[in-house]
Number of protein chains: 2
Amino acid sequence: MIKRYDSHKINKLIDNIYLAYGFSAEQSHQAAEMLIYTDLHGIESHGVQRLIMYDNFIQNGKIRVNSTPEIVKETNVSAVVDAHFGLGQLNGIYSMELAIKKAKAHGIGIITTRNSGHYGIAGYYANMAAEQGLMGMSSCNSRPAMLPTHATKAFIGTNPIAFAMPANPHNFIFDVATTTVAQGKVEVYRKLEQDLPALWVAKDGKTPIYDHNDNTNLDLLRDPDANVGLAPLGGVTEDTGSHKGFGLGVIVEVFTSILSMGNISNEITPTDLSVGPCQSFVAIDPEIFGDKTAIFDKFSNYLQDIRSLPTIPGKTIYIAGDKEALAYQNNIKNGIEIDDRTLEEIKTIATRLKVNYQPYI
Amino acid sequence: MIKRYDSHKINKLIDNIYLAYGFSAEQSHQAAEMLIYTDLHGIESHGVQRLIMYDNFIQNGKIRVNSTPEIVKETNVSAVVDAHFGLGQLNGIYSMELAIKKAKAHGIGIITTRNSGHYGIAGYYANMAAEQGLMGMSSCNSRPAMLPTHATKAFIGTNPIAFAMPANPHNFIFDVATTTVAQGKVEVYRKLEQDLPALWVAKDGKTPIYDHNDNTNLDLLRDPDANVGLAPLGGVTEDTGSHKGFGLGVIVEVFTSILSMGNISNEITPTDLSVGPCQSFVAIDPEIFGDKTAIFDKFSNYLQDIRSLPTIPGKTIYIAGDKEALAYQNNIKNGIEIDDRTLEEIKTIATRLKVNYQPYI
């Protein structure tokens with residue numbers, strides 16, 4: 001069952017849990033804030049529901065609590081960060097703040113970060129730049145999930161791309177996996193006992209799996225050596241544009257693992273403590289191109305013109321960020337949605353860490 | 001009928017035609033070279049077949065022969081170029097050379113160019129950077145063709161994205177429309193009298209048109225006010241990822257028309273002489289992140305690992321640029337393919353300009 005909880009209280013609880021792991025006050029605040037932001041914007045799959053995963057990683061040493069990100073190479077407009085397996089959210093915030101600083105000083109900052117951890121939604125980091133009047137981008141690699149076009153085995157991660165830019169009435173925030181859907185979406189449909197509505201999962205490189213009860217095949221999505229994987233954006237044939245999603249996944253790999261000399265998607269596993277995902281962070285100051293206000297106004301008008309186009313009867317045109325802004329308005333007022341299982345997980349973690357959860361839920 | 005012609009001879013003929021329009025020796029050489037590169041790499045839809053379109057634009061004044069691109073704003077890492085409606089290829093080469101110069105001096109160069117012209121394949125410009133040991137990107141907007149998800153009217157161009165990076169045995173060159181296919185691909189299928197094999201064209205925002213004989217609807221692709229348009233990459237429903245192709249199209253618009261304060265896709269028409277497409281050009285020196293040779297080696301090995309994955313029986317995994325490299329090997333030896341109609345068009349143009357075509361074809 002799913003219930004709503006006050007976001008400020010859950011934020012405080014998660015904050016206390018991170019403190020109990022041994023993170024500093026500032027780190028705990030940042031990490032909690034990031035998870036709550038995600039739930040507030042309606043992306044529950046990547047919010048507090050993921051605490052259990054981070055908890056496992058902290059317990060088995062894949063996430064190292066006392067790690068500090070290190071700049072291993074730097075120019076005015078770029079840096080390579082070795083995150084030394086710290087918490088992904090903290091590596092992400094650190095790296096994007098560095099990109100923002102460089103963009104404010106020199107117009108552009110591009111950071112590539114290796115030996116990181118799962119950092120949640122890429123859009124959060126892109127939007128950090130937008131919140132400061134800049135354009136932001138972020139992407140990350142992840143364990144193998146995507147079938148390169150015509151391959152029967154996954155090799156590339158879901159490798160999301162995020163881009164954010166200030167606009168009215170709210171920022172444009174694009175954040176998408178380069179597979180047709182992220183792994184989490186398949187899991188949501190299985191939990192809801194609904195068949196997959198499109199070619200999301202393919203067996204032997206081409207045969208769609210729609211049946212949510214096909215546990216034999218769907219469980220193989222977690223096995224990088226299996227003959228089941230996620231379709232790239234554009235499906236599994238060139239006729240539908242499969243090579244485009246595939247190529248975008250490769251480009252994400254360039255900006256994350258290749259430029260940072262880190263681990264490629266295919267090397268990432270949940271168990272090996274010596275490998276970690278890689279991420280990229282870009283901030284650009286639009287002022288280097290022209291008057292920032294005029295640029296943002298032009299962009300806002302452009303987006304509004306799209307929203308005003310004639311539509312399929314009963315359908316709405318959503319610009320990237322629109323649905324999340326609607327969810328935020330609802331969730332900040334009525335509370336964030338947390339399912340009972342996740343709540344129990346949080347309670348168990350809190351109890352183990354001697355954090356009193358009762359005032360917060 | 002399609003025949004093969006020596007690429008060097010056709011190059012010289014096109015060069016002479018551009019000279020006859022009034023372009024300088026260097027300009028004519030660049031413009032011809034770019035078209036021939038396109039045919040040599042097997043992308044005939046954008047090669048010398050397009051000369052007739054450029055010829056029309058030069059005759060009606062949409063392309064201005066005596067125009068010079070002007071830098072209207074500049075920083076160490078960026079510039080806004082007003083192309084003043086010069087030939088798209090020349091604007092593109094000028095702008096990418098500027099991006100490359102900035103990348104070599106400061107690590108990164110981002111150029112946004114307005115009031116340009118149709119510049120051919122975006123991948124050519126991205127690859128200019130790769131040919132100099134850099135990473136390159138280019139994108140452009142174009143007249144309305146893409147249906148935003150749930151819209152029944154086209155508003156965004158096919159807005160391609162190109163990315164190139166040095167690799168062995170040849171450069172990685174990704175160059176794709178953010179629609180499922182480019183307009184030209186629909187035309188090719190109509191000429192070949194083959195039905196469209198996937199949801200490329202949609203009526204009323206959702207109904208696929210497959211019949212190549214459905215001239216009534218397919219001709220409406222050229223009418224921005226009609227209820228027929230191209231599907232974004234990812235189709236027309238969110239289940240298949242339509243919003244992802246749509247969002248990528250918007251991001252291309254940001255880097256082209258929005259940052260340059262130029263014309264958005266929806267303002268572009270073949271007839272209005274006071275509007276033109278916008279383009280973006282990015283060059284990045286990988287050396288700002290690490291040892292260039294090590295990075296390119298890592299990337300080449302990564303791509304080779306993908307090529308070596310198990311495949312669907314009888315199928316090959318093509319990395320972006322592989323097919324074009326194969327076409328090049330064939331065409332440089334055996335000649336580029338030109339259909340009779342295109343050849344007649346070239347002869348007619350040459351005759352009008354008093355260029356002797358006989359030694360070249």
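Predicted model: local features only at pLDDT ≥ 70, side-chain atom pairs only at ≥ 80, totals over all residues.
Student: How much area is buried between chain A and chain B?

Tutor: About 6900 Å², with carbon and sulfur atoms giving 77% of that. Lys244(A), Phe289(A) and Tyr302(A) supply 11% of the area chain A buries there, more than any other three residues.

Student: And how many residues are in contact?

Tutor: 82 of chain A with 81 of chain B, where contact means heavy atoms within 4.5 Å.

Student: How many salt bridges between chain A and chain B?

Tutor: Two, counting a side-chain nitrogen of Lys or Arg within 4 Å of a carboxyl oxygen of Asp or Glu. Lys323(B) forms a salt bridge with Glu238(A), and the closest N and O atoms there are 2.6 Å apart.

Student: Which element gives the most to chain A's side?

Tutor: That's α8(A), with 13 residues. Helices (H or I, at least four residues) and strands (E, at least two) are DSSP runs, numbered from the N terminus. Elements that give two or more residues to that side include β2 (70-75), α8 (242-260) and α9 (292-307) of chain A.

Student: Switching topic: what domains does chain A have?

Tutor: The assignment gives domain 1 (1-60 + 321-361) and domain 2 (66-290), with bounds from an automatic or database domain assignment. Their C-alpha centres lie 22 Å apart.

Student: What's buried between domain 1 and domain 2 of chain A?

Tutor: About 1900 Å², of which carbon and sulfur atoms give 66%. On the domain 1 side, Met34(A), Tyr37(A) and Tyr54(A) lose the most area to domain 2, together 31% of what that side buries.

Student: How many salt bridges does the rule find across that interface?

Tutor: Zero between domain 1 and domain 2 of chain A.

Student: Then which element supplies the largest share of the domain 1 side?

Tutor: α2(A), with eight residues of the side that touches domain 2 of chain A.

Conventions
Residues numbered from 1 in each chain as written. Chains lettered and ligands numbered in written order. Heavy atoms only, no water. Buried area = accessible area lost by both parts, 1.4 Å probe.
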